[in-house]
Amino acid sequence: MALLGCGLVTPASAASSGAAIQTIDYHGYEIQVPASWPVYDLTADPSRCVLFDQHAVYLGTPGADEQCPPRAYGHTEALLIQPEGSSVPAGTRELGSDTASFSGALTATETTGHAVRFTAPGPGVQVTATYGSGEAQIRSILSGARMTAKTAAKAPAVVTPKAATSAKAAGTATKAATTSTATGLSGEHAQGLGIDTCAVPSAATMSSWLSSPYRIISTYLGGANWACSYGDFTADWVSQVAAEGWQFIPIWVGPQASCTQLTNTTVIDPANAVAQGTAEAASAVAAAQQFGYGQGTPIYYDMESYPNSNTACSQATLAFEGAWTAGLHAAGYLSGVYSSAATGIADLASQYTNSAYTSPDDVWFADWNDNPVLVNPYAPATDWPNAIMHQYYGDHNETWGGVTLELDSDIVDADVAGIPSAAVTGQPTVTDEPAQVAVTPGVKGRTQLKIQAGAKLSTIHWQVQPPAGVTVSPSSGIAIVSGGGQASISLTVSAAASLATGRYDVPIAVTVNGKPSTQTYLLVSNGSALATPVVLYAADTASMAIAQAEAQQLALPASNLTGDFATAWTDASSGSALVITVGVAASNALFHNACGWANPANEAIGHTPFGFFSVPKRTAVSGGFEAADLSTDAANQALSEQFAHYAMVGTIPNESAAQPLGSLTPANTCLGSASVPVP
């Protein structure tokens with residue numbers, strides 16, 4: 001074997017069995033493991049994902065931005081050995097100062113989670129050991145550990161440059177700090193788009209992703225079948241990210257259905273399903289409290305798809321989930337269940353009217369149809385009104401703010417965890433961005449920037465960074481804003497005579513008390529009738545007025561604005577332009593054709609070939625459209641501006657966490673007119 005940067009690995013042979021083994025010495029902590037197990041140096045490879053569903057030894061502190069798949073399931077025998085100065089989860093055991101050997105009975109939490117965590121102050125290491133069917137093997141490895149050197153002081157945490165904004169990177173993390181709980185988090189209802197990653201991104205990445213349409217992220221609390229590591233996930237991370245406006249989907253990955261087709265997973269014992277469900281709820285609550293999720297928070301159980309044609313398996317799974325829900329309710333938490341729409345969710349829906357069954361408060365169905373809608377035949381909205389999430393897009397990469405993540409995408413209309421909306425956070429946000437202004441040389445444009453302050457007195461600094469030929473006055477400024485107050489800044493925009501006809505993206509950066517807070521963008525158009533792939537479609541007069549005003553500011557030619565249903569249909573089906581429906585009437589029409597209007601495909605009433613997108617697009621998509629169809633004209637104007645802005649220049653204005661992008665599911669309701677005149 002090789003000499004790693006943080007430990008010596010040498011080959012040997014097991015005296016008892018003849019099986020090849022290797023000896024690993026890390027910071028004076030020595031163990032022997034099978035020679036077939038790979039050994040990874042996390043200091044040399046900080047982006048490596050720590051996965052416990054495969055035999056391996058990981059040495060060092062996991063990086064702040066591990067490159068993990070969105071999902072990883074199951075536990076087998078594996079080890080993570082890191083400096084003791086790293087973050088220490090609550091409940092971690094501590095060995096004596098002169099020992100490295102771990103033995104004795106496992107606690108109920110360790111047995112339920114198939115994971116053992118302890119610190120060995122002598123060599124100065126923290127050990128996470130997981131096991132599947134090989135509990136005896138991992139216990140033998142741990143009991144045979146020895147201390148070859150004693151540390152004089154706790155080793156520093158291994159960090160990467162991307163973690164520089166976290167408390168861990170600043171060198172302030174201690175046992176006391178990392179096991180404290182965040183304050184102020186409880187259950188919140190959320191509507192919008194979310195992401196699902198196995199290990200949380202760093203706090204710095206979460207800040208970068210404020211330029212994305214997402215404001216909700218999954219956070220895995222643990223469980224015997226969660227294969228990733230906690231990484232950067234601590235109560236401090238939760239507090240910092242929540243203050244920026246992110247909300248959370250807490251997830252627990254415990255035993256799977258007895259008939260699951262997943263490998264290396266702990267499964268439900270049908271004879272003890274109720275007791276197991278109760279125990280998992282208790283473990284999940286304890287973990288939630290560790291990370292600062294208080295009472296009223298939902299915890300979603302991850303029950304992967306299983307063949308529900310197996311009646312006995314389905315019944316045991318339902319009994320387990322009913323006990324899970326009852327256990328959470330008894331502790332003051334809400335219950336959620338994630339599963340495949342056609343299997344696990346269908347089983348839960350079959351019991352919803354059963355008064356003897358305790359149904360979850362929220363359901364989260366997986367159906368990778370790339371269509372961010374909340375309607376699904378297996379998850380009746382009448383059973384779970386405003387309590388449904390849809391994982392609509394599976395494993396893929398997305399880049400926002402210059403940072404790429406591998407994730408699954410969700411649309412949310414359900415309970416999540418977050419800072420109560422009534423509370424004013426310490427993080428100022430842009431609440432009314434200067435979305436777009438039309439100018440010509442000699443004719444100035446005007447707009448307004450509004451910034452909501454946080455809970456305390458804040459010094460807010462803002463600075464405009466216009467390109468050559470565009471002048472914004474004033475280009476910078478400082479406002480002293482009291483807690484809960486708002487700064488309102490009027491901006492005048494002018495164009496130089498030499499400025500070429502076109503569109504110009506103007507970033508506006510905001511800092512609070514010297515720290516970067518958020519960034520928004522002003523879109524300036526100079527000239528008239530500028531070509532673009534965007535078509536605005538409105539099907540009622542109020543929405544047409546919004547579309548007309550927006551077209552003027554964007555310098556869209558007349559051909560890019562339509563009130564004709566058949567024309568919008570042609571554009572959406574051909575992919576010749578990115579169609580943005582402005583208003584509920586237009587969105588309903590292209591998605592359902594509830595009015596039965598004439599169309600080029602001669603489709604009957606209630607039928608169209610189109611899907612809609614909540615995520616912004618840069619190019620036209622054949623067979624789809626973007627829907628700005630929120631509940632008010634003002635919201636529809638803001639959303640259509642955001643979609644159009646992104647389509648033309650690739651940035652999204654208004655990074656305020658209070659106003660994330662996200663369309664509503666079009667209703668099968670006839671509104672508006674088949675032909676609305678363009679003013």
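**Notebook: salt bridges, a helix pair and a buried isoleucine**

I began with Lys 150, which counts as exposed at 51% relative accessibility. My cut-offs, with a 1.4 Å probe and protein chains only: buried is under 20% relative accessible area, exposed is over 50%, and partly exposed is in between.

I am working on a predicted model, where local features need pLDDT of at least 70 and side-chain atom pairs count only at pLDDT 80 or more, while totals for chains, interfaces and linings use all residues. Residues are numbered from 1 along each chain as its sequence is written, and side-chain values use heavy atoms, leaving out hydrogens and water.

**Salt bridges**

I looked up what Lys 150 pairs with. Its partner is Asp 98, with the closest N and O atoms 2.9 Å apart. I count this as a salt bridge because the definition asks for a side-chain nitrogen of Lys or Arg within 4 Å of a carboxyl oxygen of Asp or Glu. The pair links distant parts of the chain, 52 residues apart: Lys 150 is in the loop between β11 (146–147) and α3 (175–178), and Asp 98 is in the loop between β8 and α1. Asp 98 is exposed, at 59%.

How many salt bridges does the structure hold? It holds four.

I took Arg 93 and Glu 110 next; their side chains meet in a salt bridge at 2.6 Å, N to O. This pair also links distant parts of the chain, 17 residues apart, with Arg 93 in strand β8 (residues 93–94) and Glu 110 in helix α1 (residues 108–113). For element names I use DSSP runs, numbered from the N terminus: helices are H or I with at least four residues, strands are E with at least two. Arg 93 is partly exposed at 23%, whereas Glu 110 is buried at 6%.

I also noted Asp 45 with Arg 48, at 3.2 Å between the closest N and O atoms. Asp 45 is partly exposed at 26%. Arg 48 is partly exposed at 29%.

**Helices α9 and α12**

I checked how α9 (residues 541–554) and α12 (residues 633–649) pack. The angle is about 35 degrees and the axes are 10 Å apart. Axes are lines fitted to C-alpha atoms, for helices over the stretch in contact, and angles run from 0 to 180 degrees between N-to-C directions. From α9 the contact takes in Ala 542, Ile 546, Glu 550, Gln 553 and Leu 554; from α12, Asp 633, Gln 637, Ser 640, Glu 641, Ala 644 and Met 648. Contact here means heavy atoms within 4.5 Å.

**Ile 138**

I found Ile 138 in helix α2 (residues 135–143). Is it buried or exposed? Ile 138 counts as buried, at 2% relative accessibility. Leaving out residues up to four places away in sequence, Ile 138 touches Trp 37, Glu 77, Ala 78, Leu 79, Ala 129, Thr 130 and Tyr 131.

**Whole chain and confidence**

I logged 12 helices and 33 strands in the protein chain. Of its 679 residues, 57% are buried.

I then read the pLDDT, the predictor's confidence in each residue, from 0 to 100. The chain mean is 84, and 86% of residues reach 70 or more. Confidence is lowest in α3, at a mean of 29, and highest in strand β15 (residues 298–302), at 97. Over residues 13–17 the pLDDT stays under 50, and the model has five contacts there beyond four places in sequence.
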